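Please keep the sequence and the structure in view while reading.

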Amino acid sequence: MKRYILTLLTCIGLTGQAAAEVTISHGYSAFGDLKYGPDFTHFDYANPEAPQGGTISQRQLYGTPTFNSMNIFIIKGDSAPEIGHHVYDSLMVRAYDEPDAIYGLIAETIEYPDDLSYVAFNLRPDARFHDGTQLTASDVVFTINALKTEGHPYYRNLLSDVQLVEAESDLRVRFDLAPGAGSAFPSEIAQLPVLPAHFYDANPFDESWMTLPLGSGPYVVETADAPRTIRFCKDDDYWAADLPVNKGRNNFDCFAYEYFADETIGLEAFAAGEYMMRVEYRSAAWATGYDFPAAQNGWVKQILLPDGRPSTAQGIWFNMRRPILQDIRVRQALEYAFNFEWTNETLFYGTYKRSDSFFENTQMQATGLPEGAELAILDAFRDQLPPEVFTEPAHIPYAGGPNPRDRAGLREASRLLDEAGWVVGDDGLRRNTAGQVLSLDFPDDSRSLERIIAPFVQNLKALGIDINFELIDPSSWTERRQTYDFDLSMTAWGVNVTPGAELRAFYGSAAAAAEGSNNLTGLADPVVDALIERAVEAETRDDLIAAVRALDRVLRAKHLWIGAWHLGAHRVAMWDIFGMPAEPSPYDFNRGVDLWWFDRDKYQALVDAGALDSGL
């Protein structure tokens, strides 16, 4: 395959000094060639002839229980994540049939030298915000500076390698990058939303507000009724509707999202036809909850859509900022108290696999003993790592057994706690030599989690641990999570198909000290930091795989969490009124829904059958 680039040789500095190769291209890939040439008309997985019109109504994304803010870029408030999917355009966009390729949207071309000391984007002159204002390089500069200084800690960490961003003209913006920023970093920059600087004259960037946001993307927020509904409808004058990256995309007139704090009520509303599509996160509901008349009549379909991305790292994370959880033996003991085998068979109908890696469903998952390139990387840190990293297979968590209170696991947990100095007293509680009770606080805002966590909590109490699993409202949980006011947290993180700078936000030392960061555990370890940088600076995919395997192995040896479960697919239930491409895009589902369309014939058939009212 070709790289489809225009290569220039430019002299740097004095005459006779080495020339640098500069690439100007319509697309960018961290490793290897681009699939699509400069004259491509649409992505292969998109249907450029897809019908237009109609509305797709669905449950809120990611199961987020509520929203009270339109500002999705800061730590304050509970924002509606759907805004980021519909309202804002980025410089370039992913091709979801390639692991790391991006192609121009706002930017017509990308320019970079072979040493990646900078990256520049040449903007399309017809790019416009929804109010008709031209989008210029100054808006890109504003966006990056705002995110880097006042944005959510995720953005601050991500953009730490941007040394300078400068508008060289109205239609050209340049980023000077720190040495070692990595070949994936230009993609990270290019996929950030571009914000209108003038909008923030009246809407402070660092404040939570309910003003309808202004962007340059295909949809505008038509209505927002917090915390119940939010509706996006097409911008009729969308400037980029005919670009190749958008052909076959954005087919619906409107996207409507219904918010439900209670999953049972949400499913009942779907069964009654109050909205048309939902991603089902509960295996029990998937197995037993779709027996209502519309499903029995074939009007509602249940489908599994495979996901080629890394599975989310879902689990019970330990906040190691708390002294009790700084002892690895305590963390190991808690792991033995979680009975995955019983949970999966009894509560999940045997549908899940155990998560033991932070990079499940990929080649980057560490297995067996380290060898080859991975071993060579780890050898450089041998004196800073426990011997078992080299002598034992990558850590696999204890699976449990067929009974909820697995005796073998609880015996080992008790031994570890005794060894750590937490001894059971006459009152049945564990105390250390100073008389301190082993107490743990486990808050959450999901009622559906309660039945899953209850057996784990019972096992901890049987061990003599004073555990408080508390259901709180979403706003309170957001505040406590931002200030790390918890001992245990059930959370899921997702990484890119080509992990890069975002790894710093999850596991890097700098993020550990930042309020509201994604480093929930407070991990601050120089070896982990060094391995992250090896991954960020990888020059080939093989180098990346070796570096991330080494990182995965070291993270697992630290017992940062109790790995939960993963599926490697999306459970989707929908009223049978939609069309979709024959071959779904393998690397993204949420954006994949943008490629669906409203099938009027199917819809009319359900109306004629009395299943739905007319009016969509």
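## Aromatic pairs

The structure, which is a predicted model, holds 47 aromatic pairs. One of them joins F252 and F255 in an edge-to-face arrangement, with the ring centres 5.6 Å apart and an angle of 80° between the planes. Both partners are shielded from solvent, since F252 is buried with a relative accessible area of 0%, and F255 likewise counts as buried at 1%.

A second example is the pair of F578 and W596, whose planes meet at 40° with the centres 6.0 Å apart, so this pair is tilted. Because F578 belongs to strand β26 (residues 578–579) while W596 sits in the loop between β26 and β27 (597–598), the contact ties together parts that are 18 residues apart in sequence. F578 is buried, at 2% relative accessible area, and W596 is buried as well, at 3%. Beyond such pairs, F260, F270, Y275, W286, Y290 and F292 form one aromatic cluster.

## Charges over rings

## Salt bridges

The salt bridge between R556 and D356 has an N to O distance of 3.5 Å. R556 lies in helix α18 (residues 541–557) and D356 in the loop between β17 (353–354) and α10 (372–379), so the pair ties together parts that are 200 residues apart in sequence. Both ends are buried, with R556 at 3% relative accessibility and D356 at 13%. Elsewhere, salt bridges link R322, D441, E470, R480, D485 and D487 in a network.

## Helix α18

The helix that carries R556 has 17 residues and reaches 24 Å from its first C-alpha to its last, which is close to the 24 Å expected at 1.5 Å a residue. Helix α18 is mostly covered, with 13 of its 17 residues buried, and it is followed by H559, a residue whose phi is positive, near 55°.

## A three-stranded sheet

An open sheet is formed by 3 strands in the order β3-β6-β5, with antiparallel pairing. β3 (27–29) and β5 (92–94) stand at the edges with a single partner strand each, so one side of each has no neighbour in the sheet. From one strand to the next, the twist averages 25°. In general, the strands of a sheet pair through backbone hydrogen bonds, in either a parallel or an antiparallel manner.

Between β3 and strand β6 (residues 101–104), which run antiparallel, there are 3 bridges. Within this pairing, S29 stands opposite A101 in β6.

Definitions and conventions: Residues numbered from 1 in each chain as written. Predicted model: local features only at pLDDT ≥ 70, side-chain atom pairs only at ≥ 80, totals over all residues. Heavy atoms only, no water. Pairing = 2+ DSSP bridges. Helix = DSSP H or I, 4+ residues; strand = E, 2+ residues; numbered from the N terminus. Axes fitted to C-alpha atoms, helices over the stretch in contact; angles between N-to-C directions. Salt bridge = Lys/Arg side-chain N within 4 Å of Asp/Glu carboxyl O. Buried < 20%, exposed > 50% of the residue type's maximum accessible area, 1.4 Å probe, protein only. Expected span 1.5 Å × (residues − 1). Phe/Tyr/Trp six-rings, centres within 6.5 Å; stacked < 30°, edge-to-face > 60°.
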